[in-house]
Structures are given as structure tokens and as C-alpha cells.
Amino acid sequence: MVSLTEKGFSRTLGFGQRPALLVVDFINGFTDPASPLGADVAREISETNRLLARFRQRRLPIYFSSIEYDDPSATDAGLWRKKITGLEELIAGSSACLVDQRLARRANEALIRKKFASCFSGTGFLSRLVVADVDTIVVAGCTTSGCVRATVVDACQSGIRPIVAQDAVADRLADTHRQSLTDITLKYGDVMPVDDIISSVDAIRDEEATRDRPDPA
């Protein structure tokens, strides 16, 4: 039986020249296990902090996302609210919409406010990436099967290379998490351990520094 890899799936996209880090929905509503939408993601937040430290050190763009609804009944969630009643917790201005303080988001790190799964849906995020000359997004956050996957699919079809940080994305169900990573690997993006992502980012920046350094006289 011919494998999917032999049929041409799972090819590597790789990094471009200008990566950014996107932390998807690591907000209190999702990271507090007591929340209707929440789960224990302490390990994934720790791995995300490793990525944040390196991207900050390298002065590369960093974006966070949050789901926020203006209507107190979250009617601006549309049909999604009928599917997931817990979305009614995510009212703009509530603590549920705040980025988890363990990530220590800085004032210069943009917050993408969205109402649906993908960070690209109705947000202007793609325009921001284009203006910043970003051609690659490293994706951390939650959930792997939901907002992470939706964002990766939209990134791929928008010409932005998606790299999913395997150790820094989380889901409520282990099986769903694993299957989503497999699906992304097969069709939409690359899935890499955090250590390998950090090495790749370092290699890009070191190459740029060498290229920009004047030749010795």
C-alpha cells in the first residue's frame, strides 16, 4: 500500500527570511481549568515562553490573539455561539479575554482581537504581516484542532508559511491534538519541536548578520 508521503503529502515548507511568532488564544478563558472553555496548559505556556524569549532577544515580530465579543450575550459570535455556549464567557473587557499573565505580554506586542477561529478572519492580520515583511509565522497556543488549525490553514492559503510549535500548542483532547498535528503536517504547514524552531530562527538571524556585515578591508 502506498503511503501518503509517497503520494506527495507532508512536503516541508520551511522558514522564509522573516519569521514572526503568533500566540493563539492563550487567554484566561482558555488557560484556566476552572473556565468552561479552559484546560491545564501549563507545560505549553512554559514552552511558549521559551519561544517568546528568543523572538524578543532577536527583535522579531510577536503577535497575540484573543477572542472577544462586544455584545453581552455574545450574539456577534453568530452560529458559533450555538455550537459552544462557553463563548459567552468571552465578553470584551472581561478577565477571560486577557492574555495569561504568565506570558508577560509587552506593550509593543500586538493583540489580534477576533470573533471566530482563524486569526485571519475579519481581523486585518494578513495586512499587518505584509507591512512587516513577515513571510513565516511560528504558531503556539490553543486549541490545536480549533483556532490553531484554522489559522494555519488560512496562513497557507494566504502565502504565509505556517510553522506549528509542537510542544507549545494545546488541546482539550489528546487524540484530537495528535490528529490535528498529523493533518497539519500532511496538508498545511510544518510541525516542529520548540528546540528546532529556536535553532532555525537563530540560523536565519545569524545569516542576516553575516550578510549585512561589511567585507574586511
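**Close-up views of a predicted model**

Figure 1. Helix H5 supplies the largest share of the lining of the largest pocket, namely 3 residues. The volume of this pocket is about 160 Å³. Its lining comprises 13 residues, of which Phe30, Trp80, Ile84, Thr143 and Arg172 are the closest to the pocket centre. Threonine 143 belongs to the loop that joins strand S4 (136-142) to helix H5 (144-157).

**Figure 2. The cis peptide bond between cysteine 142 and threonine 143.** Omega for the bond from cysteine 142 to threonine 143 is near -10°, and the bond is cis. Threonine 143 is placed in the loop between S4 and H5. Threonine 143 is also among the residues closest to the centre of the largest pocket.

**Figure 3. The largest nonpolar core and the surroundings of isoleucine 137.** The largest nonpolar core contains 62 residues, and those with the most contacts inside it are Leu51, Leu90, Ile137, Val138 and Ile197. Strand S5 (residues 161-170) contributes the largest share of this core, 6 residues. When neighbours within four places in sequence are left aside, isoleucine 137 is in contact with Ala20, Leu22, Phe120, Leu129, Thr151, Ala155, Ile160, Arg161, Pro162 and Ile163.

**Figure 4. The aromatic cluster of Tyr63, Phe120 and Phe125.** The structure holds 3 aromatic pairs. In one of them, the ring centres of tyrosine 63 and phenylalanine 125 are 5.2 Å apart and the planes lie at 75°, so this pair is edge-to-face. The pair links distant parts of the chain, with tyrosine 63 in strand S2 and phenylalanine 125 in helix H4, 62 residues apart. Phenylalanine 120 and phenylalanine 125 form a tilted aromatic pair, with 5.1 Å from centre to centre and 50° between the planes. Tyrosine 63 and phenylalanine 125 are buried, and phenylalanine 120 is likewise buried.

**Figure 5. Positive phi values at alanine 74 and aspartate 133.** Alanine 74 is not a glycine, yet its phi is positive, at about 60°. The residue occupies the loop between strand S2 (62-67) and helix H3 (79-83). Alanine 74 counts as buried because its relative accessibility is 0%. Aspartate 133, likewise a residue other than glycine, has a positive phi near 60°. Its position is in the loop between helix H4 (125-131) and S4.

**Figure 6. Threonine 185 in helix H6.** Threonine 185 is located in helix H6 (residues 174-187). The relative accessible area of threonine 185 is 30%, so the residue is partly exposed. A polar atom of the threonine 185 side chain lies 2.8 Å from the backbone oxygen of leucine 181. Apart from neighbours within four places in sequence, threonine 185 is in contact with Ser10 and Val191. The C-alpha atoms of threonine 185 and phenylalanine 9 are separated by 8.3 Å, although these residues are 176 residues apart along the chain.

Key. Residues numbered from 1 in each chain as written. Predicted model: local features only at pLDDT ≥ 70, side-chain atom pairs only at ≥ 80, totals over all residues. Heavy atoms only, no water. Core = buried A, V, L, I, M, F, W, Y, C linked by side-chain atoms within 4.5 Å. Buried < 20%, exposed > 50% of the residue type's maximum accessible area, 1.4 Å probe, protein only. Helix = DSSP H or I, 4+ residues; strand = E, 2+ residues; numbered from the N terminus. Contact = heavy atoms within 4.5 Å. Polar contact = N/O pair within 3.5 Å; in protein donor to acceptor, adjacent residues only side chain to side chain. Phe/Tyr/Trp six-rings, centres within 6.5 Å; stacked < 30°, edge-to-face > 60°. 1 Å grid on protein atoms, 1.4 Å probe; cavity = no way out; pocket = protein on both sides within 12 Å on 5 of 7 lines; lining within 4 Å. Points joined across faces, edges and corners; volume = space filled by probe spheres on them.
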